[in-house]
Amino acid sequence: MNRRQQDLMGESRSIELDERSKELRKLVMRGFSHSGKGHVGSALSLLEILRVLYDDILSYRSDEPDWKERDRLIVSPGWASIGLYAILADKGFFPKEKLDSFLDTHSMLGGCLDVLVPGVEATTGSCGHGLSIGIGMAISAKLKKKNQRVFVVIGDGEHGEGSIWEGAICASRHKLDNLCIIVDYNKIQCSGRTCELTDLDPLDEKWKSFKMKVQEVNGHKIGQLKKVFNEVPFTKNHPSVVICHTVKSKGIKFAENTADWHWKGNITKQVSADMIKSIECI
């Protein structure tokens, strides 16, 4: 890991969250408080990425989710569903009260993302599949000569799937400069740290080897995220990759940076209260 990457990683751990990020986390907590379980780590590590995309970058209509001219966002780690649900509820795709039904038997808000939910573009959760879906959408937009952009969020643990690298070859071959791949690089997957399981470093060089144009940012710093996403595409005829250095379970100090909170069961009322208190004290 080079000095720049070390600095970004350090910044992501130390940065304080603003009031909007805290309020979005409280919306996420409505789901966890009701269900008593879920993928805490990923839902919170990618929240600022989703916030900036929906606040400042994507073209969409919350009152018309199937608007044909919209940009597309694919969240490949579908298990981080409650993070996206919170953003969609905040933007008016469905009432915030629906978050209180997270993981109920007959709720539309399941543990992995599903296209039945207004605003969700793809059913995801099988590791590595989201990128291929996004590539298909980007190719379709090119063939139809549309100016739509496709953003695909992938987890660092998903890089162990061959479909990710097959997708990289395909995206470069088709010169998909309307495609932006966003890596939620929190450096922890379900079984432990990525450096101990499937070491990704140097991750930037791996993506560059597929003729991608790569930038790295602090994935919790709003200004950096706005700037880099507004620069997409970085180079004509080349897909863009944004590696976002993030923190697992960002915003809940006692849960941050540990695989134990990738998925958590038995989130009692007391634990929920402690999680909300931690968010408020940031």
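**A parallel sheet and its helices**

Strand β2 (residues 150–155) is mostly covered, with six of its six residues buried. Buried means under 20% relative accessible area, exposed over 50%, and partly exposed in between (1.4 Å probe, protein chains only). The model is a predicted one: local features need pLDDT of at least 70, side-chain atom pairs count only at pLDDT 80 or more, and totals for chains, interfaces and linings use all residues. Residues are numbered from 1 along each chain as its sequence is written, and side-chain values use heavy atoms, with hydrogens and water left out.

Val-150, Val-152 and Ile-154 lie on one side. Phe-151, Val-153 and Gly-155 lie on the other. Both faces are covered.

Now place β2 in its sheet. Five strands form an open sheet in the order β1-β2-β3-β7-β6, with parallel pairing. The edges belong to β1 and β6 (213–218); each has a single partner strand, so one side of each is left without a neighbour in the sheet. Direction ignored, neighbouring strands are turned by 20° against each other on average. Strands here are DSSP runs of E with at least two residues, helices are runs of H or I with at least four, and both are numbered from the N terminus. Two strands pair if DSSP finds at least two bridges between them. In general, strands of a sheet pair through backbone hydrogen bonds, either parallel or antiparallel.

Start with the β1 side. Strand β1 (residues 72–75) pairs with β2 in the parallel sense over four bridges. Arg-72 has Val-150 as its bridge partner in β2. Ile-74 stands opposite Val-152. Both faces of β1 are covered too: Arg-72 and Ile-74 are buried on one side, Leu-73 and Val-75 on the other.

Then cross to β3 (residues 179–185). Six bridges join this strand to β2, and the two run parallel. Val-150 faces Leu-179 in β3. Ile-154 stands opposite Val-183.

The helices come next. The axes of α4 (residues 47–57) and α5 (residues 81–90) come within 10 Å and cross at roughly 30°. The two helices are therefore roughly parallel to each other. That label covers angles under 35 degrees; over 145 counts as roughly antiparallel, 65 to 115 as roughly perpendicular, and the rest as oblique. Axes are lines fitted to C-alpha atoms, for helices over the stretch in contact, and angles run from 0 to 180 degrees between N-to-C directions. Leu-47, Leu-50, Arg-51 and Tyr-54 of α4 make the contact with Gly-83, Leu-84, Ile-87 and Leu-88 of α5. Contact means heavy atoms within 4.5 Å. By class, this contact has six nonpolar, one polar and one charged residues.

Stay with α5 for Ile-82, which sits in this helix. Ile-82 is buried, with a relative accessible area of 1%. Not counting residues up to four places away in sequence, Ile-82 touches Val-28, Gly-31, Phe-32, Ala-43, Leu-99 and Phe-102. Ile-82 and Arg-25 are 57 residues apart in sequence and 9.9 Å apart in space, C-alpha to C-alpha.

Helix α6 (residues 129–143) packs against α7 (residues 162–173) at an angle of about 20°, with their axes 8 Å apart. That makes α6 roughly parallel to α7. His-129, Leu-131, Ser-132, Ile-135 and Ile-139 in α6 meet Ser-163, Ile-164, Gly-167, Ala-168, Cys-170 and Ala-171 in α7.

Technical notes. Ala, Val, Leu, Ile, Met, Phe, Trp, Tyr, Cys and Pro count as nonpolar, Asp, Glu, Lys and Arg as charged, and the others, Gly among them, as polar.
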